Amino acid sequence: VLSLSRTMSRRLLIGAGLCATGFGLDRGLDRSLSRNALAVWAAAATTIDYKFFLSGGSEELDAMHRKVAERLLWVCQSNGGLYIKLGQGISALNHVLPEVYTEVLSVLQDKAECIPYAQVEQVIVRNFGANPLELFQEFDPNPLASASIAQVHKARTKDGRIVAVKILKPHVVQQLPWDLAVYKALVYGFEKLFDIPMYWTVDYTAEHLKRELDFEMEAKNAERMSASLSNRDDCFVPAVIWEFTRKQVMTTEWVDGVKFTDVQGVKDLGLDIAKVAQTMVEVFADQIFCQGYVHCDPHPGNLLVCKGPTGRHELCVLDHGLYIEEPSEFRQQYCQLWEAMFLMDIDKLTRLCSAWGIRDAEFFASLQLFRPFKSNQVQKLDGVVTQTEALDFQLAAKERVKEMLTTSELIPRELLFVGRAMNLIRFNNKMVGGSVNRIRVFALAAARGANTRRQWTAELWFRFQLFAAGYTYRLLQLWHATKAFITNSTTNAEDTLELQEKMLIQNQLRLRDEHKLGFKFKADQLG
């Protein structure tokens with residue numbers, strides 16, 4: 001008995017020692033171990049929920065979507081850092097995911113945990129060799145904004161300039177390698193578990209996420225975009241103050257403005273939100289199709305609206321950490337892809353997609369447009385989803401994606417972040433009323449970027465398509481305006497395109513017995 005007691009005591013001591021060591025190691029690594037263990041648990045729990053515990057009809061499916069969305073929100077808020085950025089990206093996928101994901105995760109667009117002022121001081125001292133009040137005449141210890149990897153403080157320089165000081169959160173630097181390692185492991189695991197090509201995306205994504213931690217590179221991106229806007233008076237980038245900018249600290253001029261999606265705030269400035277949205281779409285379309293140097297994180301929190309000295313609107317673009325530079329060949333091909341989609345040139349569209357290893361050209365075109373490529377194929381489908389139907393949908397979706405990504409090594413990696421930027425542009429337009437016919441703007445920018453000389457018949461057809469697209473979109477806007485007047489509906493044209501795309505995905509992914517998609521389409525989804 002005594003021997004057994006000693007053995008148990010020894011095991012308890014060893015266990016306690018291992019726990020203490022693990023706890024200390026986790027604290028020393030800024031919670032990197034516990035944070036990523038939480039992420040792995042959430043991924044496993046979500047997989048099990050959808051794969052094994054889903055049964056019954058649409059009400060249970062709606063409840064499951066909310067449960068998973070709230071779990072994801074909890075993980076993102078608990079872990080912070082890059083997990084906030086992940087949640088922001090997911091919240092903007094409302095054209096594909098159930099609306100509850102956008103509803104639950106939308107809080108991540110504005111709120112992220114702040115670091116204490118003592119850590120802010122440490123970052124500044126480490127980068128400048130002086131504390132904030134030695135560098136600046138005034139420095140507000142309370143951050144005015146906090147994002148996934150940084151927070152912003154207001155300060156006054158000794159020569160009287162009001163500036164914004166962006167501070168990199170120190171724990172992010174230590175957590176990043178662990179976060180990316182777990183991200184790669186999760187993607188690899190999902191690829192093997194669901195047999196869908198996914199891992200080809202990780203290296204390119206990880207490399208660009210690492211660059212966000214270099215504020216000197218971000219400052220150069222900001223200046224490059226500022227130079228590209230020299231011919232516009234309706235959009236600008238805050239001037240970088242290099243004297244107070246280092247790897248982990250970036251200082252710019254202070255800008256007073258309202259958030260892009262604050263429609264009432266924009267109106268209170270005496271500005272037209274539709275004109276602001278037009279500027280937003282045009283600026284980023286020009287980057288994607290003409291310049292080839294693309295801001296890939298234009299979410300609403302990175303866009304401010306100001307009233308210029310002439311009384312006109314000015315769009316201020318913030319956060320220049322996540323950029324890609326498109327190779328000239330890719331940019332030209334992407335312009336030609338959009339021209340082919342707009343002209344319904346299926347042969348050219350198929351050739352371009354084949355060169356990128358994409359076999360399902362029409363489905364790929366729909367994903368680029370964020371609307372059905374062939375709307376006459378879309379039919380309204382509704383009904384209750386059973387467990388068998390949901391699982392059949394998963395099988396059909398998997399096979400469709402596998403077919404589209406047959407040779408992933410040929411797919412341009414730039415599509416990952418260009419697609420992200422395009423989706424955020426669509427999301428922004430939707431959030432302020434969907435007033436801009438973004439597809440028409442993109443087609444015009446693609447035509448300028450391609451700089452190809454078409455035969456007169458092709459040019460005439462292109463111009464007709466532009467006219468038809470504009471006319472159709474205006475009719476759609478008129479329909480929503482009329483419905484809003486009669487029924488107080490709050491939907492807009494982007495809502496219609498969003499619902500059509502969900503239906504298109506349902507149509508194109510269903511099996512021969514026409515099982516329904518894993519989302520319930522209600523008759524009132526258009527208002």
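How far apart are the end C-alpha atoms of helix H6 (residues 117–128), and what should its 12 residues span at 1.5 Å a residue?

Guide: The end C-alpha atoms of H6 are 16 Å apart, and its 12 residues should span 16 Å, so the two agree. The expected span is 1.5 Å times one less than the number of residues. Helices (H or I, at least four residues) and strands (E, at least two) are DSSP runs, numbered from the N terminus. This is a predicted model, where local features need pLDDT of at least 70, side-chain atom pairs count only at pLDDT 80 or more, and totals for chains, interfaces and linings use all residues. Residues are numbered from 1 along each chain as its sequence is written, and side-chain values use heavy atoms, with hydrogens and water left out.

Now look around H6. Its buried residues are Val120, Val123, Ile124, Asn127 and Phe128. They cover an arc of only 105° around the axis, so they sit on the same side of H6. That arc is taken from the directions from the helix axis to the C-beta atoms. Buried means under 20% relative accessible area, exposed over 50%, and partly exposed in between (1.4 Å probe, protein chains only). Gly129 follows H6, with a positive phi near 75°.

Next, compare helix H13 (residues 328–342). Its 15 residues reach 21 Å from first C-alpha to last, close to the 21 Å expected at 1.5 Å a residue. Of these 15 residues, 11 are buried, so H13 is largely enclosed by the rest of the structure. The buried ones include Phe330, Tyr334, Leu337 and Trp338. Just after H13 comes Met344, with a positive phi of about 55°.

At least three residues come from each of domain 2 (113–220 + 238–253) and domain 3 (328–452). Those bounds come from an automatic or database domain assignment. In soluble globular proteins, nonpolar side chains tend to be buried together.

Take Val432. It is in the loop between helix H17 (414–431) and helix H18 (438–450). Val432 is buried, with a relative accessible area of 7%. The C-alpha atoms of Val432 and Thr261 are 5.8 Å apart, though 171 residues separate them along the chain. Setting aside neighbours within four places in sequence, Val432 is in contact (heavy atoms within 4.5 Å) with Phe260, Thr261, Val263, Ile273 and Ala277.

Strand S4 (residues 162–168) and S6 run antiparallel, joined by 5 bridges. Two strands pair if DSSP finds at least two bridges between them. Val163 stands opposite Glu253 in S6. In strand S6 (residues 249–253), 4 of the 5 residues are buried, so S6 is largely enclosed by the rest of the structure. Elsewhere, strand S9 (residues 303–307) and strand S10 (residues 313–317) pair in the antiparallel sense over 5 bridges. There, Lys307 stands opposite His313 in S10.
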